[in-house]
Amino acid sequence: MGSTTCGGCGKQVYDKLSKCPYCRKSLSSVTSLSSAAQLEADRINSLDLSNKWKKCFVLIAKAGGPDVPQLKQLSPKERRTIGFNLLAFLFGPIYYLLKGLWRQASVYFALTVFGISVVDAVGLEQMDRMVGGMASIFYGVRANISYYRRAVLGETFWL
Ligand SMILES: [Zn+2]
């Protein structure tokens, strides 16, 4: 009996099934993973991570890794899954610290403070919020990729 990796949740499933028994995604409509992405997906599924993170990381692997060169192969929903992390957007550096990304958190935080002091120095205090808002968006956009690098690739640094 053959098995295949579900493109929806990344679990190993019997390849004759029409739907994934875990996430109910139709298997025939799932784009097949490249063999490199398949290997990476298998490795991700063996890591000690929550299913939510495994799913997100399998999608990043499917998109070709942290630089996501094959992002276009993902569906819009899949792109949203990896593209934005709401908790990181809301909690910024605190979220990064909780994920063990303290180096990134310190650098981003220092850059934010620096950005705010620059706009203050040139007399544009009203732009403080804008700098803070941009930093929040940056945390939200970068978190999944940064955590992928740390948790999947074992890179302690960098962006
Ligand atoms: Zn599934």
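User: What makes V68 count as buried?

Analyst: This is a predicted model, and in it V68 has 20 C-beta neighbours inside 10 Å. The cut-off for buried is 20 or more, so V68 counts as buried. You'll find V68 in the loop between α2 and α3 (76-83).

User: And why is R24 called exposed?

Analyst: R24 has 10 other C-beta atoms within 10 Å. Exposed means 12 or fewer, so R24 gets that label. R24 lies in the loop between β2 (12-14) and α1 (35-45).

User: What makes the phi of R24 worth a remark?

Analyst: Most residues other than glycine have a negative phi. R24 isn't a glycine, yet its phi is positive, near 70°. V68 also isn't a glycine, and has a positive phi of about 40°.

User: What makes the side of domain 1 that touches domain 2 nonpolar by class?

Analyst: The domain assignment gives domain 1 (3-82) and domain 2 (86-151). Seven residues from domain 1 and five residues from domain 2 take part in the contact. On the domain 1 side, the tally is seven nonpolar, no polar and no charged residues. Helix α2 (residues 51-62) gives the most to that side, with three residues.

User: How confident is the predictor in the chain, and which elements have the lowest and highest mean pLDDT?

Analyst: The chain averages a pLDDT of 88, and 94% of the residues score at least 70.

How values were computed:
Residues numbered from 1 in each chain as written. Predicted model: local features only at pLDDT ≥ 70, side-chain atom pairs only at ≥ 80, totals over all residues. Domains from an automatic or database assignment. Contact = placed C-beta atoms within 7 Å. Helix = DSSP H or I, 4+ residues; strand = E, 2+ residues; numbered from the N terminus. Nonpolar A, V, L, I, M, F, W, Y, C, P; charged D, E, K, R; others polar. pLDDT = per-residue confidence, 0-100.
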